[in-house]
Amino acid sequence: MAAKLHLVFSKGTGSKTITISDPNPNLNRAQAYEAMQAIVDKKAVLVKDVPVDGIKKAYYSDVIVTELEDAAA
């Protein structure tokens, strides 16, 4: 499985999601939100030259990758 961390920020009436591959699996909500708030405060993420303005949510997702088999000859 390939875990990903999704950080979802608000931007006006929309949202912006940053996806991180291979995140720290021991991260808790408070730690994620603290990092996200620093991003908002420092205006570090822009969407069409406008900074994100708040935090919506943070969550992990697990993706199961299954390679396709070669066709039988």
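Modeller: The radius of gyration is taken over C-alpha atoms, and the globule rule is 2.2 Å times the number of residues to the power 0.38. For a compact globule of 73 residues the value would be near 11 Å, but the protein chain has 16 Å. Its C-alpha trace spans about 60 × 30 × 20 Å along the principal axes. Please note that this is a predicted model, in which local features need pLDDT of at least 70, side-chain atom pairs count only at pLDDT 80 or more, and totals for chains, interfaces and linings use all residues. Residues are numbered from 1 along each chain as its sequence is written, and side-chain values use heavy atoms, with hydrogens and water left out.

Biologist: How many helices and strands does the protein chain have, and in what order do the elements run?

Modeller: Helices (H or I, at least four residues) and strands (E, at least two) are DSSP runs, numbered from the N terminus. The protein chain has one helix and five strands. From the N terminus on, the order is β-β-α-β-β-β.

Biologist: What span does helix α1 reach, and what span is expected?

Modeller: The expected span of a helix is 1.5 Å times one less than its number of residues. Helix α1, residues 29-41, has 13 residues and reaches 18 Å from its first C-alpha to its last, close to the 18 Å expected at 1.5 Å a residue.

Biologist: What caps the N-terminal end of α1?

Modeller: The cap is N28, with a side-chain oxygen 3.1 Å from the backbone nitrogen of A30.

Biologist: Which residues of α1 are buried, and which are exposed on the other side?

Modeller: Buried means under 20% relative accessible area, exposed over 50%, and partly exposed in between (1.4 Å probe, protein chains only). In α1 the buried residues are A32, M36 and V40. Seen down the helix axis, they fall within an arc of 80 degrees, so they line one face of α1; the arc is that of the directions from the axis to the C-beta atoms. On the other side, A30, E34 and D41 are exposed. Over the protein chain, buried residues make up 18% of the 73 residues.

Biologist: What covers the buried residues of α1?

Modeller: The covering elements include β1 (2-11) and β5 (54-63). Contact, in this reading, means heavy atoms within 4.5 Å.

Biologist: Which residues form the largest nonpolar core?

Modeller: A nonpolar core is a set of buried Ala, Val, Leu, Ile, Met, Phe, Trp, Tyr and Cys residues joined through side-chain atoms within 4.5 Å. The largest has seven residues, namely L5, L7, F9, M36, V40, V45 and V52. Strand β1 and helix α1 each supply at least two of its residues, and the largest share, three residues, comes from β1.

Biologist: Is A58 buried or exposed, or does it lie in between?

Modeller: A58, in strand β5, counts as partly exposed because its relative accessibility is 26%. A58 and L5 are 53 residues apart in sequence and 7.2 Å apart in space, C-alpha to C-alpha. Not counting residues up to four places away in sequence, A58 touches H6, L7, A32, Y33 and M36.

Biologist: With which side chain does that of H6 make a polar contact?

Modeller: A polar contact is a pair of N or O atoms within 3.5 Å; within protein, one must be able to donate a hydrogen and the other to accept it, and residues adjacent in sequence count only if both atoms are side-chain atoms. The partner of H6 is the side chain of S61, at 2.7 Å. H6 lies in strand β1 and is buried, at 11% relative accessibility.
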